[in-house]
Amino acid sequence: FPPLDGIVEAFPKEKSLKNELKVTVRPLEKNDHQALFDFFKAVPENERLFIKHKVQNQEVIESWCRNIDFEKDFPILALNEEGQIVAACTLHQNGVGWKRHIGRVSVFVHPEFRRKGLAYALVEDVMGVSRQLGLEKLEAEFVAEQGRAMKVFAMLGFSDLVHLPKYVMDMRGKHHDYLLMGIMLTTDIEYAGVGG
């Protein structure tokens, strides 16, 4: 796999989104722990039920920021002009084994900054990073209640791979349908040849 240095150096990126929202997109840094904790505190409790980690625990967030390993997880953040984290998107990589060519994407957007194109913009950036890293496929996991998020991924070219009724259980013990979406990543060379 190519080194990450050139990929990290492509950030920060400035983006203008809907409703004149301007954000800076960059990878997670060690000093982001308080801002990231505040970001996850704003995620409604019913949505936090579907996050695999205890993000309401400050020690978990501090550990993430202390132990950044871009070869395993590549988290990018969108910050508004006040420096507040308004969205976070992570590329999770397997690194070794039979799924090493497949990445998994997760994305969260602050409730006050939704419907502005943030999820789309960040997932698109992560897809670009994934191509540069030589990944062949990307996956994203959902529960049935995340219909709006699934529409964003569908617009980016992801399609349904698996639908398992009442397969996963949230933190309260309630069962939900599990959905897996995926996309084959074209390399930049293949991408340039489309339609030609």
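This is a predicted model: local features need pLDDT of at least 70, side-chain atom pairs count only at pLDDT 80 or more; totals for chains, interfaces and linings use all residues.
**Exercise 1. Find what joins strand S5 to strand S6 through Arg104.**

Step 1. Look at the side chain of Arg104. It meets the side chain of Glu141 in a salt bridge, at 3.9 Å from N to O.

Step 2. Check the cut-off. A salt bridge needs the nitrogen within 4 Å of a carboxyl oxygen. The 3.9 Å contact of Arg104 and Glu141 counts as one.

Step 3. Arg104 sits in strand S5 and Glu141 in strand S6, so the bridge ties together parts 37 residues apart in sequence.

Step 4. Arg104 is partly exposed, at 24% relative accessible area. Glu141 is partly exposed too, at 28%.

**Exercise 2. Work out where Lys99 and Glu139 lie, and whether each is buried or partly exposed.**

Step 1. Start with the contact. The side chains of Lys99 and Glu139 form a salt bridge, 3.7 Å from N to O.

Step 2. Locate both ends. Lys99 is in the loop between strand S4 (85-93) and strand S5 (102-109), while Glu139 is in strand S6 (residues 137-143), so the pair links parts 40 residues apart in sequence.

Step 3. Use the cut-off for burial, which is under 20% relative accessible area. Glu139 has 13%, so Glu139 is buried. Lys99 has 31% and is partly exposed.

**Exercise 3. State how many salt bridges the structure holds, and describe others.**

Step 1. The structure holds eight salt bridges.

Step 2. Take a pair of neighbours in the numbering. Asp73 bridges to Lys72, with the closest N and O atoms 3.7 Å apart. Asp73 is partly exposed, at 26% relative accessible area.

Step 3. Look for a network. Lys13, Lys15 and Asp125 are linked by salt bridges in one.

Step 4. Side chains of opposite charge can pair when their charged atoms come close.

**Exercise 4. Trace the strand partners of S4, using Thr90 as a guide.**

Step 1. Begin with S3. Strand S3 (residues 73-79) pairs with S4 in the antiparallel sense, over seven bridges. Thr90 in S4 is the bridge partner of Pro75.

Step 2. Inspect the turn. The hairpin of S3 and S4 has five residues between the strands, and Gly83 there takes a positive phi near 85°.

Step 3. Move to S5. S4 and S5 also pair in the antiparallel sense, over seven bridges. Here Thr90 has Ser106 in S5 as its bridge partner.

Step 4. Judge the burial of S4. Nine of its nine residues are buried, so S4 is largely enclosed by the rest of the structure.

**Exercise 5. Describe the position of Gly128.**

Step 1. Find the element. Gly128 belongs to helix H5 (residues 118-132).

Step 2. Check accessibility. At 25%, Gly128 is partly exposed.

Step 3. Compare sequence with space. Gly128 and Ile7 are 121 residues apart along the chain, and their C-alpha atoms are separated by 9.4 Å.

Definitions and conventions. Residues are numbered from 1 along each chain as its sequence is written. Side-chain values use heavy atoms; hydrogens and water are left out. Buried means under 20% relative accessible area, exposed over 50%, partly exposed in between (1.4 Å probe, protein chains only). Helices (H or I, at least four residues) and strands (E, at least two) are DSSP runs, numbered from the N terminus. Two strands pair if DSSP finds at least two bridges between them.
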